[in-house]
Amino acid sequence: MTAALGIDRISEARRPGAPGDGMPDSAGKGPGVLKKESPLAGSAGEDRRPCRVRADLVVHELDGEALIYDPLTADTHHLNATACFMFRRLQASDDPAVLAADLAGRYELDGSDARAHVEGFLAELRQAGLIAESPAEWRVP
Amino acid sequence: MNGGTHRRESTLHFQVGVVSTTISSAVRPVLDDYAALYAPFRTPRPAEGGIHVRVERARKGWFHRRRHIVTVNARRQFEPARAAEVVPYLDWAINWEVPRAYPQALHLHAASMSLGGQGLILPALSGSGKSTLASGLLARGWGYLSDEFAIVDTATLAVQPYPRCICIKKPSMPAVEVLGLPVFRRRYYLKGAKGYVGYIRATDVRADAVSSACPVRFIVFPKYVRGAEPALVPVSRAEAALALHEVCFNLLTCPTPALSMLTELVRGAQCYRLIAGDLERTCVLLERLFTCGGCQQSASA
């Protein structure tokens, strides 16, 4: 089975200096922006659970995008450039706030937008079963 | 001796590109038809590790019409009932076995062609127009590798020839006949849900039509849209690798190395989606893609 994660819809065009760079409009519905609303974004209920991508995933990078093979389910996922950037950051850090700050820095987003994107991304990774929730799962088996 | 017939079984050997087959049958019309269809690929001796297909005629029972049994490497594969179905099912049975018989290669459901020593693979599911497009390109002088398989060598990543006869569905036949391509014996066969099909032998079009192995330079995912203006839309290499993953026949037998190989394959190629319309205009578009190195995106440009 193959799948493109929903994060795919975040457009690399939002990166400053990228062709067709278009920052999100005030409603957060700019071209290619993930439209999923996150009730946790920027709120007191923000999800700060530590999390990291599973260490056993096989990741192939291609021109800044990535293919991820999950040996447990035999599923393959496609990440576009933005999602790939976040995925790489998530391999290094278990703090969603750090990830949101990195994303905000790279794409010149405001804090709440960046947090919303990170929440949406993490939710999709969790749904796809690619997140290891506990430090014990971070190690390569 | 086989069920229901007392004729002696004959055995013929073929080397179709990298695929070796041995066909045994006492059903003479089937064997003769297949031998004629694949005459350019007959060999005197079997190759080691090839695919062995046996066609037998099953005994007619009280409740069953007389049918044929197609067995591949000792596994019963198909039981076509009508005589017109046997050759297509025999051909189909071989296709089923190719990825199993040659596990050292990557097998993609794709037509594969070449121009100037550069390979084009056209990966798509059935009904997307792969064979029609391969016929059109063949008529324009392209080298033929296969209409159904891209067999990619794992060591060199070159696409290998498997120049089986091109299977054209009856509705596509007028488009192919306009190009002057000869249909084998001008006869139609029955192939399951595909209905009536005819065959085109690449060597009937040109003696040197079969291409040798070559590197894959373009990966184009075709989709026939009736009446559409032919157009090429670039896709990222990661998207292309994901799409190739969906048409890979032997991914499950070796998923991790196969995915690495798909990644390497797309790294050396340019990748597009193709909206295929009128056959000639679509072929012209692909030719321009090759000659200008990947800048052409619509037939009218």
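This is a predicted model: local features need pLDDT of at least 70, side-chain atom pairs count only at pLDDT 80 or more; totals for chains, interfaces and linings use all residues.

1. Residues are numbered from 1 along each chain as its sequence is written, chains are lettered from A in the order in which they are written, and side-chain values use heavy atoms, with hydrogens and water left out.

2. Chain B has eight helices and 17 strands (DSSP runs: H or I of at least four residues for helices, E of at least two for strands). Its radius of gyration, taken over C-alpha atoms, is 19 Å, close to the 19 Å that the globule rule gives for 301 residues, so chain B is as compact as a globular protein of that length. The rule is 2.2 Å times the number of residues to the power 0.38.

3. Of the 301 residues in chain B, 54% are buried, meaning under 20% relative accessible area with a 1.4 Å probe, protein chains only.

4. Now the interface: 16 residues from chain A and 15 residues from chain B take part in the contact (heavy atoms within 4.5 Å). The two chains bury about 1,300 Å², 70% of it on carbon and sulfur atoms; this is the accessible area (1.4 Å probe) lost on being put together, summed over both.

5. Look for one salt bridge between the chains, where Arg237(B) meets Asp63(A) at 2.9 Å, N to O (a side-chain nitrogen of Lys or Arg within 4 Å of a carboxyl oxygen of Asp or Glu).

Note on methods
Buried means under 20% relative accessible area, exposed over 50%, partly exposed in between (1.4 Å probe, protein chains only).
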